[in-house]
Amino acid sequence: RGEHDGYLANYVRTGRAKIIGIGREVVGRRKDGSTFPMELAVGEFVIGDGRHFTGIVRDITERKQAEQELREAEERMRSVVNHVVDGIITIDERGCIESFNPAAEKLFGYARHEVLRRNVKMLMPEPYVSEHDGYIRNYLRTGHPKIIGTGREVLGRRADGSTFPMELAVSEFRLGERRFFTGIVRDITERKKLEDELRHRLEDLAQADRQKDEFLAMLGHELRNPLAPMRNALYVMKMARSDEQALDAAHGMIERQLQHLVRLVDDLLDVSRIIRGTIELRRDRLDLASALRRAIETAQPAIDAHGHVLEVSLPPQPLYVMGDLIRLAQVIANLLGNAAKYSTRPGRIKVALLDLGGQAAVVVEDEGEGIPAHLQPRVFDLFVQGDHTLARSQGGLGIGLTLVRRLVEMHGGRVAVESGGVGCGSRFTITLPMLAASPERAPESLEEAPLRSGVSRRVLVVDDNVDAANSMATILRLFGHQVQCVYDGPAALTEADSFQPEVIVLDIGLPGMDGFEVAKRLRTRPVFRKTPIIAVTGYGQEEDRRHSREAGFTEHLAKPVDPELLHRLVLAGR
């Protein structure tokens, strides 16, 4: 209000208008004292000698509110665009960049001022550079979009020249007659990496599933193979009772095939334990030659059956390692067995112990079928075998070499394979950390102790399988022991009180009252507090052995049991 008179006086005096003849936004005041925004246009007219001024006033309250709302909306949109994690890029119909948000700056490595007004092709590698202009021209000419209005995966190029996979969604908008395109860009490097990993995992699972099916088919084949000669041998024993030669042959056949079945089951259980990490090594200082001798004893029948000649090379001095004698012998026997059965014609099998200076090595070399080049990187994988045809006669479950590798690695060593390919033989090398020489002689093991004669024990055998219990009792009686049999848990407790056994051979999986409970109850009776209780059971996992120890068992043997080992345990009171 104070300015008004000054405007008029100045105009009248100088003829220079500040508001006259033009429009401007001012604030008006109503009768009630409230104010409002208005648009004021002032014009001049003359009547006689008088000069007059006309003001045209328009209330612009609603327009100012709309402008405020628009500014706020623009600010909100600008904040969203500047803070989203996706890059947002706007280009005009020539492909020149009009806007470039902070996420795009971070994604492509360019500052906003470095890309504005430049062609968006600078953000693309080939072949997208040459395709880009064609996409826009085609859309502007035909109206048929190829990428506009859709999303697709493309490659982006950063300021340093590196490329990355990105997801691009393009949309169109117009300002007047001009057409613009907005691209929303998302870096999908991690997603593509996860997709690749998932694809490889699915391929691995499919391969594992195929190998599992092949393994199950081979397992059925391998289990039926020894059962057939065992059944035939039993029939021979029934029909030729007076033919000692035929009976001896049948006995030998059953024993060999039973050992084969036991080995198959043991291998399966060993693989399961190793995979779960529950296998335990009984480490001791030992001469590697002792493990080799045991392995040769195990593998020699297979070597002889195929007509091979075994050549053994030992160093002049012992090679000492810290390891499990039984497991290391198992590893070497497995390699010798493979060398025998995968050599289709008689040949030489060489096994040597070598001192590699801090490392002890076992080398098993054969002249057999060899290993195809494509199979060599996977030969130690579970269930992997070279030939699965129906004509294949070598047998095996495809788990032996997996056991070899895992057991060797548990000893801190490694195993490697070399082969010139099919028909060129194979060479397996095991290396183990070597210890210093001059150890004291290890104590004699139970298995190496001689059988003692003339000693008889009272033995109680408990098993719900009547045939298993009676046959075990017969064997122990043949060794000279006094044996009583019962077939359930409560009967075992009753018979123990009357028979007063010196050793109890007890199954675990009994009906009504299991072997764990029987052993616990026996241990509560003073007379049986120190009596040897030997578990003879089909449960052979490490957890089962732990439960046996907790229940009071002194030994845990998995079926089928070596009769001589059981006899030694009975004699030793263990």
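Colleague: Where should I start with the contacts in this protein chain: what share of those with a separation of 6 or more comes from residues 24 or more positions apart?

Modeller: That share is 59%. Keep in mind that we are reading a predicted model. The chain carries 15 helices and 20 strands.

Colleague: And how much of the protein chain counts as buried?

Modeller: Of its 574 residues, 37% do.

Colleague: Now to the inside. Which residues of the largest nonpolar core touch the most other members?

Modeller: The core has 40 residues, and the ones to look for are Leu288, Leu336, Val362 and Ile430. Several elements give two or more residues to this core: helices 8 (288-305), 9 (325-341) and 10 (400-410), together with strands 12 (348-355), 13 (359-366), 14 (414-418) and 15 (426-433).

Colleague: Let me pick one of those residues. What does Leu336 touch, leaving out residues up to four places away in sequence?

Modeller: Its partners are Ala295, Ile296, Ala299, Leu310, Ile349, Val351 and Val364.

Colleague: Which residues of helix 10 are buried?

Modeller: You will find Gly400, Leu401, Thr402, Leu403, Val404, Leu407 and Val408 on that list. After helix 10 comes Gly412, which has a positive phi near 80 degrees.

Colleague: How should I read a cavity search?

Modeller: The general idea is simple: a probe the size of a water molecule is rolled over the atoms, and this shows where empty space is left. Here, a search of the whole structure gives two cavities of 30 Å³ or more. The second largest cavity holds about 30 Å³ of space.

Colleague: Which residues line that second largest cavity?

Modeller: Its lining is made of Val461, Val462, Asp463, Ala468, Ala469, Met472, Val505, Leu506, Asp507 and Val536. Strand 16 (458-462), helix 11 (466-478) and strand 18 (503-506) each give two or more residues to this lining. Helix 11 has the largest share, with three residues. By type, the lining has eight nonpolar residues, two charged ones and no polar ones.

Colleague: Next, the backbone. What is the general rule for phi and for peptide bonds?

Modeller: Most residues other than glycine have a negative phi, and most peptide bonds are trans. With that in mind, look at Arg117, a residue other than glycine whose phi is positive, near 70 degrees. Arg117 sits in the loop between helix 4 (112-115) and helix 5 (128-142), and it is exposed at a relative accessible area of 57%.

Colleague: Where is Gln500, which also is not a glycine and has a positive phi of about 50 degrees?

Modeller: Look in the loop between helix 12 (489-499) and strand 18. Gln500 is partly exposed, because its relative accessibility of 29% falls between the 20% and 50% limits.

Colleague: And the peptide bond from Lys559 to Pro560: cis or trans?

Modeller: That bond is cis, with omega near -10 degrees. Pro560 belongs to the loop between strand 20 (555-558) and helix 15 (563-572).

How values were computed:
Residues numbered from 1 in each chain as written. Predicted model: local features only at pLDDT ≥ 70, side-chain atom pairs only at ≥ 80, totals over all residues. Heavy atoms only, no water. Core = buried A, V, L, I, M, F, W, Y, C linked by side-chain atoms within 4.5 Å. Buried < 20%, exposed > 50% of the residue type's maximum accessible area, 1.4 Å probe, protein only. Helix = DSSP H or I, 4+ residues; strand = E, 2+ residues; numbered from the N terminus. Contact = heavy atoms within 4.5 Å. 1 Å grid on protein atoms, 1.4 Å probe; cavity = no way out; pocket = protein on both sides within 12 Å on 5 of 7 lines; lining within 4 Å. Points joined across faces, edges and corners; volume = space filled by probe spheres on them. Nonpolar A, V, L, I, M, F, W, Y, C, P; charged D, E, K, R; others polar.
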